[in-house]
Amino acid sequence: MKRFLLLIALFGMLSCSSDSSEIIENEPEINFEVTLTPSAEFALVDMPFTIKVSSNSQIHEIKQIFENGSVSVGGDGESGVIDSQFETLHYQLPNVGLEKMNYVFTDINGKQITKSIDVTVNRGDAVQITGLKINSFYNIHGTYDEQYAENDPERLADIVFAINKAFSWNFANEDRSKGRWFLSEIYPNEEKLEFELRDEELFIAPYANFEVGIGDHDEGGIGSDLARDASGMTVNLYPLQYEKPSEIHIIKEDADVDITIFLEWPE
């Protein structure tokens with residue numbers, strides 16, 4: 001009888017051991033999550049603006065997607081984790097209005113998540129460029145297309161102008177670089193030399209500077225610099241903050257350049 005009871009006890013112990021092994025479950029997989037926190041409710045034209053990145057997993061790469069490309073930073077070394085400095089995205093945005101920032105984040109396990117944030121950019125104390133008038137330039141009313149006769153208007157310059165200023169879309173650092181900010185339409189045969197720009201909403205910080213370029217546009221985008229070179233085509237607003245002139249001139253006597261820039265200062 002005792003032997004029978006012992007066999008039953010042993011059988012019960014084995015049964016319990018077998019059952020306990022079957023209830024072990026795998027830990028649930030944790031989703032990769034990223035939170036974006038802007039430094040302010042809105043940004044101001046040309047002023048530093050940041051977005052803080054936080055995550056529940058270590059980040060390997062941050063990529064910002066633009067309409068015509070992307071820019072990214074990634075981690076290296078054994079861990080592949082990005083440097084902590086990249087957890088703050090730096091900008092100086094050049095234009096008023098709504099900017100939609102689109103990103104792809106990748107963690108060290110290869111998981112990806114897409115995030116976007118809408119940033120409203122306001123004018124603040126920025127100065128508006130409301131117009132531009134080309135009074136003269138090198139060889140004005142002269143021949144730029146030699147295949148046409150001297151009495152043919154087709155020989156005249158096909159006017160195009162551009163404005164450059166410093167801004168930053170490279171979120172990886174706080175450095176700004178000067179680049180193309182506004183490019184006009186092409187106006188054939190000097191048909192137009194004065195331009196209303198108010199609707200273009202061209203705003204620039206009152207301590208900043210901008211460059212103006214004027215050219216003759218030919219087929220394939222090749223043409224002549226109507227100012228002969230870029231020197232002397234920069235406007236520095238900083239010394240003008242107290243006087244607040246409504247118009248200023250870019251004058252290069254050696255190239256017969258005279259351009260009037262019309263400004264509107266904030267009240």
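First pair. Lys178 and Glu211 make a salt bridge, with 3.7 Å between the closest N and O atoms. Lys178 sits in strand E11, residues 177–183, and Glu211 in strand E14, residues 209–217, so this pair ties together parts 33 residues apart in sequence. Keep in mind that this is a predicted model. Both ends are partly exposed: Lys178 has a relative accessible area of 36%, and Glu211 has 29%.

How many salt bridges does the structure hold? Five. I'll show two others.

Take Glu264 and Arg198. Their closest N and O atoms are 2.9 Å apart. Glu264 belongs to strand E18, residues 257–264, while Arg198 is in the loop between strands E12 and E13, so parts 66 residues apart in sequence are tied together. Glu264 is partly exposed at 29%. Arg198 is partly exposed too, at 37%.

Now Lys252 with Asp229. Here the closest N and O atoms are 3.1 Å apart. The pair links distant parts of the chain, 23 residues apart: Lys252 is in strand E17, and Asp229 is in the loop between strands E15 and E16. Is Lys252 buried or exposed? Buried: its relative accessibility is 5%, and the cut-off is under 20%. Asp229, at 32%, is partly exposed.

Last, the patch. Phe42, Leu44, Met47, Tyr207 and Tyr238 form a nonpolar patch on the surface. Together they have about 460 Å² of accessible area. Leu44 comes from strand E2, residues 43–44. Its relative accessibility is 32%, so Leu44 counts as partly exposed.

How values were computed: Residues numbered from 1 in each chain as written. Predicted model: local features only at pLDDT ≥ 70, side-chain atom pairs only at ≥ 80, totals over all residues. Heavy atoms only, no water. Patch = residues over 30% accessible without salt bridge, like charges linked within 9 Å, V, L, I, M, F, W, Y side chains within 5 Å. Areas by Shrake-Rupley, 256 points an atom, 1.4 Å probe, with all protein chains shown as cover. Salt bridge = Lys/Arg side-chain N within 4 Å of Asp/Glu carboxyl O. Helix = DSSP H or I, 4+ residues; strand = E, 2+ residues; numbered from the N terminus. Buried < 20%, exposed > 50% of the residue type's maximum accessible area, 1.4 Å probe, protein only.
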